[in-house]
Amino acid sequence: MLIQLTVNGETIAVEAPPDITLLDLLRDYLNLTGTKEGCAVGECGACSVIMDGRLVNSCLVLAPQADGSEIVTIEGIHAPDGGPNDLQQNFIDYGAVQCGICIPGMIMAGEALLMHNPHPTRQEIRMALAGNLCRCTGYQQIVDAIEATAKQRQGEMG
Amino acid sequence: MFDYIRAKSIDEAVALLNDPHCVSRPLAGGTDVLVQVRHGPPSFQRLVDISRVPEMKIIEQRGDEIYIGAAVTYTEIIESRLLQETATCLVEASRLVGGPAIANAGTLGGNVANAAACADGTPPLVCLDAVAHIRSLNGWRAAPVAELITGPHQTALHRGELITHFTFPILPSSARSVFLKLGRRNAQAIARLNVAAAGGLGADGRINFARVVPGSTLSHLRRFVEVETLLIGEAPSTELCETAGAEAGRVMVEATGRRWSTEYKEIALHGLVACALRRVFHLEN
Ligand SMILES: Cc1cc2nc3c(=O)[nH]c(=O)nc-3n(C[C@H](O)[C@H](O)[C@H](O)COP(=O)(O)OP(=O)(O)OC[C@H]3O[C@@H](n4cnc5c(N)ncnc54)[C@H](O)[C@@H]3O)c2cc1C
Ligand code: FES
Ligand code: FES
């Protein structure tokens with residue numbers, strides 16, 4: 001069936017089977033492989049994307065369910081020059097990245113949090129990452145990187 | 001292989017669900033259904049997406065009742081001012097469902113229709129004496145949530161029926177409701193035990209309203225009227241909450257018999273119910 005959606009600001013129409021997930025649509029039909037598949041059952045958050053302003057697990061969204069929606073994937077998060085944005089740079093600076101498989105999802109969860117709550121406490125950051133598993137870092141540095149970004153963005157706005 | 005179609009209204013959804021040529025099931029947030037299709041071949045030929053039906057997204061007060069559309073998500077419950085004021089136990093339960101991505105997609109209707117024993121949305125609904133409103137080709141029917149859910153993953157819903165919304169009477173103004181969950185960790189954890197409780201005091205300072213609904217406990221989710229009866233007419237105290245907790249444990253053991261998990265569950269339920277009631281009656285420091 002024909003699925004029309006906006007991905008990272010670009011309007012796209014793509015022919016795809018009705019029973020595949022948004023994750024498969026992004027990776028296999030749109031070649032946006034930055035979104036990762038971990039568990040495929042909603043438990044790890046590696047497939048996190050922002051759909052109509054809300055964080056979702058793209059492995060638990062049916063591709064046609066996203067028809068008419070606005071999707072932001074990790075490919076849509078970057079600085080104007082195409083390099084890392086402030087959150088991504090902080091992940092690098094705070095040593096929040098090891099193997100990297102969870103990181104696209106972590107960045108999406110971080111951006112979704114900062115969209116809805118620009119002044120999160122550390123506890124709120126932890127809760128916002130509750131659906132995102134990381135086997136490597138122990139989370140501290142990830143929380144640090146999001147906290148630092150929130151503070152910097154507040155500084156810029158104030 | 002299965003097909004997908006999006007319904008724009010309740011009428012259209014019900015017509016699609018009853019299409020004799022195509023075995024169809026509702027799709028709301030997909031957080032149960034899409035996990036199930038990962039684990040085995042689907043029992044349907046088509047999913048009818050009801051997640052965007054406007055009439056099923058309503059949260060409002062109608063007279064002295066609260067109305068919640070079945071396609072309302074946990075995030076929408078958490079963000080609702082009205083529910084924060086009138087259904088604290090449901091808001092607290094919603095905050096503990098999955099992580100944010102699950103809360104953004106999962107719906108109350110899906111939670112009830114899926115009827116997992118460990119569900120977090122159902123004990124608050126039973127605690128609030130909520131009624132499910134159901135549409136089919138035969139028209140409307142209403143069923144208390146406590147009767148609609150007949151056992152673990154079992155409901156009295158018939159093929160082609162759609163839960164459209166829930167209603168519950170607003171609690172007495174003196175009453176307050178809470179929800180507690182015991183999981184292996186706070187978030188994204190399936191409840192080992194949970195409890196929704198509500199209570200209120202009369203002008204004499206004695207309990208005149210009490211509801212206690214432990215989840216993941218009995219094969220049939222219900223109010224523990226035995227515990228409620230024990231509370232009514234008493235002045236709230238930590239000792240009373242302990243007695244009520246012990247009674248909840250006793251009721252559970254009486255119903256389920258002793259099993260390998262009872263030693264843990266009895267103590268845990270006792271503690272959880274006592275703690276919930278202390279919060280209800282402001283006895284927590
Ligand atoms: C990682 C993860 C964590 C989770 N954590 C929790 C948790 O902490 N607590 C908890 O309670 N649950 C949890 N769940 C389970 C799930 O998210 C909830 O049960 C959720 O409420 C299901 O709603 P849904 O809209 O996603 O249902 P769907 O998957 O869309 O549907 C579930 C079932 O209900 C039927 N259905 C849906 N809507 C209706 C309707 N209006 N009328 C009739 N039938 C309908 C569908 O046909 C299907 O059979 C978790 C799931 C995952 C994947
Ligand atoms: S791949 Fe989607 S949550 Fe794990
Ligand atoms: S960096 Fe390896 S899983 Fe998170």
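Me: What should I know about the numbering and the model before reading the values?
Reply: Residues are numbered from 1 along each chain as its sequence is written, while chains are lettered from A and ligands numbered from 1 in the order in which they are written. The model is predicted, with local features needing pLDDT of at least 70 and side-chain atom pairs counting only at pLDDT 80 or more, whereas totals for chains, interfaces and linings use all residues, and side-chain values use heavy atoms, leaving out hydrogens and water.

Me: Why is B:Thr167 called buried?
Reply: Buried means under 20% relative accessible area, exposed means over 50%, and partly exposed lies in between (1.4 Å probe, protein chains only). B:Thr167 has a relative accessible area of 8%, so this residue of chain B counts as buried.

Me: What makes the pair B:Thr167 and B:His133 a polar contact?
Reply: A polar contact is a pair of N or O atoms within 3.5 Å; within protein, one must be able to donate a hydrogen and the other to accept it, and residues adjacent in sequence count only if both atoms are side-chain atoms. The side chains of B:Thr167 and B:His133 are paired at 2.7 Å, and that value meets the cut-off of 3.5 Å, so the term applies. B:Thr167 itself is found in strand S10 of chain B, residues 162-169 (strands are DSSP runs of E with at least two residues, helices runs of H or I with at least four, numbered from the N terminus).

Me: Why does B:Ser136 count as buried, and which residues does B:Ser136 touch?
Reply: The relative accessibility of B:Ser136 is 12%, which is under the 20% limit, so B:Ser136 is buried. B:Ser136 lies in strand S6 of chain B, residues 131-136, and touches B:Val14, B:Gly160 and B:Glu161, not counting residues up to four places away in sequence; contact here means heavy atoms within 4.5 Å.

Me: What makes up the area buried between chain A and chain B?
Reply: Buried area is the accessible area (1.4 Å probe) that two parts lose on being put together, summed over both. For chain A and chain B this is about 2200 Å², with 57% of it on carbon and sulfur atoms. On the side of chain A, A:Arg54, A:Leu60 and A:Gln65 supply 27% of the area buried against chain B, more than any other three residues.

Me: How do you know where the two domains of chain A lie, and what do they bury between them?
Reply: The bounds come from an automatic or database domain assignment, which gives domain 1 as 2-76 and domain 2 as 86-157 in chain A. Domain 1 and domain 2 of chain A bury about 1100 Å² between them, 67% of it on carbon and sulfur atoms. In domain 1, A:Ile50, A:Leu55 and A:Ile74 lose the most area to domain 2, together 38% of what that side buries. Between these domains of chain A the count is zero salt bridges, although five residue pairs are in polar contact across their interface.

Note on methods: Salt bridge = Lys/Arg side-chain N within 4 Å of Asp/Glu carboxyl O.
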